[in-house]
Amino acid sequence: MKKKIRITFNSPVTLSFTMICFIATLLGVLSNGRITKIIFMTYHSSLMKPMTYIRFVTHVFGHEGWTHFIGNASYLLLLGPMLEEKHGSKELIEVIGITALVTGVVNYIFFVNIGLCGASGVVFAFIVLASFTGFREGEIPLTFLLVAAIFIGQQIYEGISMQDNISNMAHIMGGVIGAIMGYSLNRKSKYGL
């Protein structure tokens with residue numbers, strides 16, 4: 001008797017996050033960017049407005065357009081299921097939430113004239129977090145060092161040498177959060193902390 005092949009919802013956080021990003025991007029495209037600016041982009045606005053605080057987190061859902069979304073979604077769908085299986089759904093939500101909040105607040109404080117949207121910071125957190133997969137106490141994985149040198153080094157270089165619409169700060173902060181969470185989650189799983 002043959003088993004039927006079925007499609008499974010294997011990574012609920014990753015798939016839900018990607019779907020929310022898709023819907024936010026679609027709404028942004030259909031509204032010619034207005035919905036993105038109102039809900040899914042963080043920028044320097046009055047702290048008296050409640051939406052300022054909401055956008056500190058929701059900015060990771062909105063994207064500038066389909067190319068921006070597809071680039072981020074590819075990495076999310078590639079890395080997310082592996083990370084969700086290894087660390088758990090709750091921990092992945094923490095990584096996404098912390099990355100969103102930190103990049104939103106840092107952008108608000110230090111980049112007054114720049115709007116920020118997209119899941120790039122989360123993608124960089126996932127990339128660095130994935131490099132901690134083989135982490136053992138007292139060791140630094142070579143994959144982590146290479147990822148840090150290549151990805152984070154590239155962002156620092158491009159942040160200094162190039163003027164474009166890419167938030168190198170979000171990438172760097174995402175990488176730092178991925179490193180901290182990777183170290184923390186691996187210690188927690190090893191020692192049950």
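I began with exposure, where buried means under 20% relative accessible area, exposed means over 50% and partly exposed lies in between, with a 1.4 Å probe and protein chains only. By that scale Y53 counts as partly exposed at 43% relative accessibility, whereas F56 counts as buried at 7%.

Before going further I noted that this is a predicted model, in which local features need pLDDT of at least 70 and side-chain atom pairs count only at pLDDT 80 or more, while totals for chains, interfaces and linings use all residues. I also noted that residues are numbered from 1 along each chain as its sequence is written, and that side-chain values use heavy atoms, with hydrogens and water left out.

I then looked up the overall make-up, taking helices (H or I, at least four residues) and strands (E, at least two) as DSSP runs numbered from the N terminus. The chain has eight helices and zero strands, and buried residues make up 43% of its 193 residues.

Next I turned to the nonpolar core, a set of buried Ala, Val, Leu, Ile, Met, Phe, Trp, Tyr and Cys residues joined through side-chain atoms within 4.5 Å. The largest one has 32 residues, and F17, F61, L76, L83, V122 and F126 are those with the most contacts inside it. Among the elements that give two or more residues to this core are α1 (12-30), α4 (66-87) and α6 (120-130), and α6 gives the most, with eight residues. Counting a contact as heavy atoms within 4.5 Å, I found that F126 touches L76, L79, G80, L83, L92, V95 and I96, leaving aside residues up to four places away in sequence.

Last came the aromatic rings of Phe, Tyr and Trp (its six-membered ring), which pair if their centres lie within 6.5 Å; planes under 30 degrees apart count as stacked, over 60 as edge-to-face and the rest as tilted. A search of the whole structure finds six aromatic pairs. Because F22 lies in helix α1 and W66 in helix α4, the pair ties together parts that are 44 residues apart in sequence. The rings of Y53 and F56 have centres 5.9 Å apart and planes at 85 degrees, so that pair is edge-to-face. Y53 and F56 are three residues apart in helix α3 (residues 50-58), separated by about one helical turn.
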